[in-house]
Amino acid sequence: MRKEYQGPSIIRDDFSFFGVSLEYMFADKLLAVTSELERPYKHLIDAYSISQVEVGINEVKKYLTIILDYENITRAKLGIPMNEYKYKIRADKKFNHNYYFPMIQAGFAVNLEEITIKLNQYMATNLN
């Protein structure tokens, strides 16, 4: 999950830092938008944003499995039904917080319905 990124050379030529891989972030966002729980719109906008760039889909699938397995261990301990994800944003999915602020930050002029359709198409093509 940890990835080393090259930092700006203005700091030092050999400057680098560690962060989370884009594939891990994408997997986390996809699970958030496809879960039964209410999530912030920011997760939806982030997932849509990442779907617009090239990612290692096999790595995304690996992280989806890891995160889901860990979540199901926690669900079992709490007595909550296990998740067997079908990677699709349900029509009755509820999001919270502000929709427009993350949309403006991301620089998109796409409506909620179009984002949902495109993400569902992406998941159907790449994850199933």
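1. The axes of α1 (residues 22–34) and α3 (residues 57–78) cross at roughly 55° and come within 8 Å; axes here are lines fitted to C-alpha atoms, for helices over the stretch in contact, with angles running from 0 to 180 degrees between N-to-C directions. The crossing of α1 and α3 is right-handed, a term used if the near helix is turned clockwise from the far one by less than a right angle, whereas anticlockwise is left-handed.

2. A word on the source: this is a predicted model, in which local features need pLDDT of at least 70 and side-chain atom pairs count only at pLDDT 80 or more, while totals for chains, interfaces and linings use all residues. Residues are numbered from 1 along each chain as its sequence is written, and side-chain values use heavy atoms, with hydrogens and water left out.

3. For the overall layout, the protein has 5 helices and 4 strands, where helices (H or I, at least four residues) and strands (E, at least two) are DSSP runs numbered from the N terminus. Along the sequence these elements follow the pattern β-β-α-β-α-α-β-α-α. Of the 128 residues in the protein, 36% are buried, and buried means under 20% relative accessible area, with exposed over 50% and partly exposed in between (1.4 Å probe, protein chains only).

4. Which residues make the contact between α1 and α3? On the α1 side they are E23, Y24, F26, A27, D28, L30 and L31, and on the α3 side E59, V60, Y63, L64, I67 and L68, contact meaning heavy atoms within 4.5 Å. By class, the contact of α1 with α3 has 10 nonpolar, no polar and 3 charged residues; Ala, Val, Leu, Ile, Met, Phe, Trp, Tyr, Cys and Pro count as nonpolar, Asp, Glu, Lys and Arg as charged, and the others, Gly among them, as polar.

5. Helix α3 can also be checked for its length, since at 1.5 Å a residue its 22 residues should span 32 Å, and its end C-alpha atoms are 31 Å apart, which agrees; the expected span is 1.5 Å times one less than the number of residues. In α3, the buried residues are V60, Y63, L64, I67, L68, N72 and R75, and what covers them includes α1. Just after α3, G79 takes a positive phi of about 75°.

6. Helix α2 is mostly covered, with 9 of its 11 residues buried, including H43, D46 and I50.

7. Is V55 buried or exposed? With 13% relative accessibility, V55 counts as buried, and its place is in the loop between α2 and α3. V55 and E23 are 32 residues apart in sequence and 6.3 Å apart in space, C-alpha to C-alpha. Not counting residues up to four places away in sequence, V55 touches L22, E23, F26, I50, V60 and Y122.
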